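Work through the two exercises below with the sequence and the 3D structure at hand. Each solution goes step by step.

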Amino acid sequence: MSRPTGRVLTLLELLQSGGTRTIAELAERLGVDGRTVRRYVDHLIDLDVPVEAVRGRYGGYRLGPGHRLPPLMLGEDEAVAVLLGLVAGRRTGLTTATATAGETAAAKIRRVLPRPLAARVDAVLESLAFTEPAGEFAAPDAGILLTLADAVRHRRPVAIRYTDREGRRGDRTLHPQGVVAHAGRWYVTGLDPGIGEDRTFRLDRVADARLLPGSFEAIEGPDPARRVLSGFATAPYRHEVTLRIRGTAEQIRTRLPASVASVTALPGTGSPSPAPEPADAREPDGSEASEASEASDGPPWLRVEVRAERLDWLPPVLAALDLPFVVERPDELRELVVALADRFARRARRS
């Protein structure tokens with residue numbers, strides 16, 4: 001590479017670092033005079049790099065928006081960070097529907113890395129393991145994602161074509177509040193002005209999105225991520241479970257996150273009235289196996305509501321919580337808890 005060409009690329013890297021660079025500063029960094037800096041800038045402009053001249057006492061040059069992405073000059077740490085980000089994004093499923101885009105971008109960066117650094121990056125990728133399985137969820141279309149993000153930023157209503165879980169297609173209008181990535185999927189949440197309720201839509205089920213004229217006011221309340229999580233906890237499912245658990249919200253959240261359960265305070269401060277225990281129900285040490293013996297002081301009782309398609313996973317979760325609890329409904333869950341307790345007791349007595 002000739003020295004002038006190398007200096008032109010160095011100039012591009014300096015401008016990509018951000019801000020306005022004065023001619024004197026650029027001349028000093030490149031080891032040339034101001035006239036040569038102007039000539040190098042002309043070379044970049046000829047290559048369709050959007051370099052803007054800034055007039056005034058502190059004027060100079062800066063990069064502006066262009067009609068296409070200019071060549072990027074990345075340092076070694078920056079290249080490694082981008083490459084690992086692409087790998088992690090593809091692995092977790094947080095990519096767009098253009099599946100090859102991440103792979104081709106990673107290949108381009110990998111191809112131009114210096115050989116010693118490329119060998120070290122290969123070692124990282126070969127030794128890297130993920131505790132979660134590879135993302136297998138459908139990804140959103142990049143154009144739809146960008147349109148919705150633009151609507152969120154500028155508070156523009158948006159029309160979407162959506163397919164629900166039953167396979168029914170329809171057109172919806174939304175005042176989007178935010179785009180949320182959760183558990184390998186993308187969601188958009190906001191207000192449906194037609195029914196006046198918060199709605200959450202999966203982006204991979206959105207076939208089309210277009211901005212509508214006008215604007216809307218921001219909605220007060222939980223942030224978009226909390227809206228999505230609370231929507232999961234309150235969505236209609238086969239079983240509606242109501243529990244009373246004695247403990248702190250932080251303790252309960254270790255096993256029942258916000259996407260699974262809603263936790264609210266009970267009116268009053270007294271403990272609930274548990275179902276009466278048989279007179280001969282005793283622990284192995286002879287103590288009464290009744291929640292009535294719990295001390296009156298300590299953490300409060302909280303109401304926990306869970307909606308689920310199946311109930312068999314809840315008894316082990318309640319056992320892992322190891323907190324006093326009462327099953328308010330359904331009776332089927334109470335029977336499953338008793339059955340699990342009986343199995344534990346039988347196994348504990350085996351020699």
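**Exercise 1.** Find the polar contacts of the side chain of R21 and describe its surroundings.

Step 1. The side chain of R21 makes a polar contact with the side chain of S17 at 2.5 Å. A polar contact is a pair of N or O atoms within 3.5 Å; within protein, one must be able to donate a hydrogen and the other to accept it, and residues adjacent in sequence count only if both atoms are side-chain atoms. This is a predicted model: local features need pLDDT of at least 70, side-chain atom pairs count only at pLDDT 80 or more, and totals for chains, interfaces and linings use all residues. Residues are numbered from 1 along each chain as its sequence is written, and side-chain values use heavy atoms, with hydrogens and water left out.

Step 2. A polar atom of the R21 side chain also lies 3.5 Å from the backbone oxygen of L14.

Step 3. R21 sits in the loop between α1 (3-16) and α2 (23-30). Helices are DSSP runs (H or I, at least four residues), as are strands (E, at least two), numbered from the N terminus.

Step 4. R21 has 16% relative accessibility, so R21 counts as buried (under 20% relative accessible area; exposed is over 50%, partly exposed in between; 1.4 Å probe, protein chains only).

**Exercise 2.** State the strand order of the open sheet and find its edges.

Step 1. The five strands follow the order β6-β5-β4-β3-β7, with antiparallel pairing (two strands pair if DSSP finds at least two bridges between them).

Step 2. β6 (197-202) and β7 (206-211) each have a single partner strand, so one side of each lacks a neighbour in the sheet.
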